[in-house]
Amino acid sequence: MNTARKAPWQWALTAALLLAVASPAFAVLGDNAASVLTDQARLKGTLRSVDNHTYVMHEITTPAGAKVREFVTPGGVVFGVAWQGQFPPDFQQLLGPYYQQVQQALAQQKSAEQGSEPQVHQRRGPTVVQTSGLVFVQGGHPHSFHGQAYIPQLVPQGVAASDIH
Amino acid sequence: MRTLALFFLLGNVVWFAACGGNGGTGSSTVTSVQVSCSPTTVSSGQTSQCSAMVFGTGNFNPAVEWGASAGTISTSGTFTAPVVSSQTSVTITADSVQFGNVSGTATVTVVPTTSSVNQVPIVVDSGPNMNGQPIGTVNEAFVTVTICVPGTNTCQNIDHIQVDTGSEGLRLLSSASGGPLNLTLPQETDNSGNPLAECLVFADGYVWGNVATADIKVSGEVSPATPVQIIIPPSASPAVPNSCSSQNPAGGAGNEGGSVMELGANGILGVGPFPYDCGTACTPQFQTQPVYYGCPSSGCFAENINLSQQLINPAFGFTSTGDDNGVLIQLPSVPDGGSPNPTGSLIFGINTQSNNNLTQAANVYLLDNNGNLSTVFNGTTYSSSFVDSGSNGLFFPDSSIPTCPSPNQVWYCPSTSPDNLSASNYGSGMNPPGITVNFSVEDATTLFSTNNTAFSTLAGPIPASLSSFDFGLSFFYGRNVFTAIQDQTVSGGPTGPFVAY
């Protein structure tokens, strides 16, 4: 039995205490579970938490029906996030320190596609970023976006990438 | 008819003083002539501007003599298309005046003038020009749209507007972004008199710019005094709000308004399954969304606005003809390996005229409230699938198909090409339940090594976790694809939203 594992209400309590004393930034991916509550407050959403033993999933639903799911290790670290809704989420807040990493990877993709190679054509469709330290995907269209981001190194043993959705 | 012209683009004249074989001092030679025309597809009576690059050695004469196999061409290279009854290729020739045996050619495709008030030609070519060259798009469907200052005859035709069934609203690239727009359209304001701007986010980028009003004219259809977005570059004012750029994973680099190359078009004609680009979620009674912004001189702030102030699907605005319930896209079949510059039609209305009868589609697929249907592929259900003329390939998960080597790794390169596959599409609420759709995938590296611009077999990978099969333009060739607008009635058919093909 992992002593670090807590019931959802315990998470909420811990998070609320952290929130009260630390007032953390909005960043969540790779951050501690306190940011779940920060995001809930920011999104004016309702929170549902499910303990799957290998991880805890917190789902925030906004009044408009958009959903953000945050996947937390037994050690209390957010290892993945997923979203769906009419609009994409604020990635600066959701991805935190990893936002820049996604930007850099996409900037590289773009410059390769728009380079001087005549036989390269820009892809206009879903976004996929796969680096050793981060996986980011987003698809859909205005009115319906969905996507996931996770840190492979932080995904607990026994959890499949496909669980993060 | 042939006419004599002086070639005037001196910046393009190149000397090859060091080229071997023919380099006698004092003599001059014209070695080659390269010709390009824009646009490459015109309808009868329309014009295409052609230019020649003359290459040579020594102090050669860069004058050329223009010729056209049909229609007329002026001394300055302006080609006027002849009247044709079916699609016709016209060869444009520029002969060196100094060395008559050295010449260059280009092909302009002439399509018949459409007699229908609700039909406009589509071309799938290599895109609008930037720095005198087409930007090299593939699988992008373009139309020409006329915009006018509301209520006036002050108008401009803008070519290479991309037809996008994945979004709603007309968006035009500003001249500051390098777009051809040169009309000054009246700025739209919010209820406090602040100029309105918009941030529209796509799956892979976003556009930012002011909201203005224009009469939108396509074929004989008119949507009067309609909100449109004028896309501006990142350097322009008003500045992109942080709440806009941070909705995109690429951040500031995701801004597609910097150039014609970045947008891939001179504008976007969003004719998807919704009447408004945002809808009720952006109206004042709901939580403020980072979509519309009031922009006083002190800076922009997100605000919700009434439906009547939002961008509309232009088809939804074609009320005077009754062709306001959706669109039909007709593109010809494209064989394996692709086609150069195929043409088709964008037709407004569904079951409203003789040319948009829903019986031209085999099945109608109801869409859910998010504009999606369900696709079953390889035994997995992808419940957020969509039919999107603005995606330039089929994007779906299949880990058994290899991706291409760099730099085309975002595309599929099957080991057996073509790879013939099939899926089943289900409408919302199982209406209809599971109808097979066949498609093929070819090696994208090989496809891109041709000069073709349209590929029915171009596809790329996405993770299964997206729960999505994106039927991009590859899917549209050889099909009649209808997109019906949410809550709009269709005589003899279901109420939108639906797609039918």
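# A walk through a predicted two-chain model

Start by selecting chain B: for its 501 residues, a compact globule would have a radius of gyration near 23 Å, and chain B has 24 Å, which agrees. (That radius is taken over C-alpha atoms, and the globule rule is 2.2 Å times the number of residues to the power 0.38.) Before you click further, note that this is a predicted model, in which local features need pLDDT of at least 70 and side-chain atom pairs count only at pLDDT 80 or more, while totals for chains, interfaces and linings use all residues. Residues are numbered from 1 along each chain as its sequence is written, and chains are lettered from A and ligands numbered from 1 in the order in which they are written.

**Stop 1: chain B as a whole**

Switch to cartoon view to find three helices and 34 strands; helices (H or I, at least four residues) and strands (E, at least two) are DSSP runs, numbered from the N terminus. Of the 501 residues, 54% count as buried. Buried here means 20 or more other C-beta atoms within 10 Å of a residue's own, exposed means 12 or fewer, and partly exposed is in between, with C-beta atoms placed from the backbone. Take the contacts between residues at least 6 apart in sequence: 69% of them join residues at least 24 apart. Two residues are in contact if their C-beta atoms, placed from the backbone, lie within 7 Å.

**Stop 2: the domains**

Next, colour chain B by domain: domain 1 is 2-111, domain 2 is 119-317 and domain 3 is 349-500. These bounds come from an automatic or database domain assignment. The centres of domain 2 and domain 3 of chain B, taken over C-alpha atoms, are 25 Å apart. Their contact takes 22 residues from domain 2 and 24 residues from domain 3. Select β15 (residues 155-164) of chain B, which gives the most to the domain 2 side, with three residues. That side divides into 10 nonpolar, nine polar and three charged residues. For these classes, Ala, Val, Leu, Ile, Met, Phe, Trp, Tyr, Cys and Pro count as nonpolar, Asp, Glu, Lys and Arg as charged, and the others, Gly among them, as polar.

**Stop 3: the nonpolar cores**

Which residues touch the most other members of the largest nonpolar core? Select A:V81, B:I122, B:V143, B:V145 and B:V499, out of 149 residues in that core. A nonpolar core is a set of buried Ala, Val, Leu, Ile, Met, Phe, Trp, Tyr and Cys residues joined through C-beta atoms within 7 Å. Strand β18 (residues 205-218) of chain B gives the most to this core, eight residues, and both domain 2 and domain 3 of chain B supply at least three residues each. Zoom in on B:I122: leaving aside neighbours within four places in sequence, its contacts include B:V143, B:V163 and B:L331. A second, separate core of 25 residues includes B:C50, B:A52, B:M53 and B:I73.

**Stop 4**

Now for some loops in chain B. Between β19 (221-231) and α1 (242-245) you'll find B:P238, joined to B:S237 by a cis peptide bond with omega about 0 degrees. Another cis bond runs from B:S406 to B:P407, with omega near 10 degrees; B:P407 is in the loop between β28 (394-396) and β29 (419-426) of chain B.

Then go to B:N378, between β26 (373-377) and β27 (380-387) of chain B. Its phi is near 50 degrees, a positive value in a residue other than glycine. With 14 C-beta neighbours inside 10 Å, B:N378 counts as partly exposed. Hop over to A:H143, in the loop between β6 and β7 of chain A, where phi is near 100 degrees, also a positive value in a residue other than glycine. Buried or exposed? A:H143 is buried, with 26 other C-beta atoms within 10 Å.

**Stop 5: where the chains meet**

Show both chains: 46 residues of chain A are in contact with 51 residues of chain B. On the chain A side, the elements giving two or more residues are α3 (91-95), α4 (99-113), β5 (127-131), β6 (134-141) and β7 (144-150).

**Last stop: confidence in chain A**

The mean is 77, and 75% of the residues reach 70 or more. Confidence is highest in β7(A), at 95, and lowest in helix α1 (residues 8-22) of chain A, at a mean of 37. Over residues 1-27 of chain A the pLDDT is below 50. Where pLDDT is low, the predicted coordinates should not be read in detail.

Methods:
pLDDT is the predictor's confidence in each residue, from 0 to 100.
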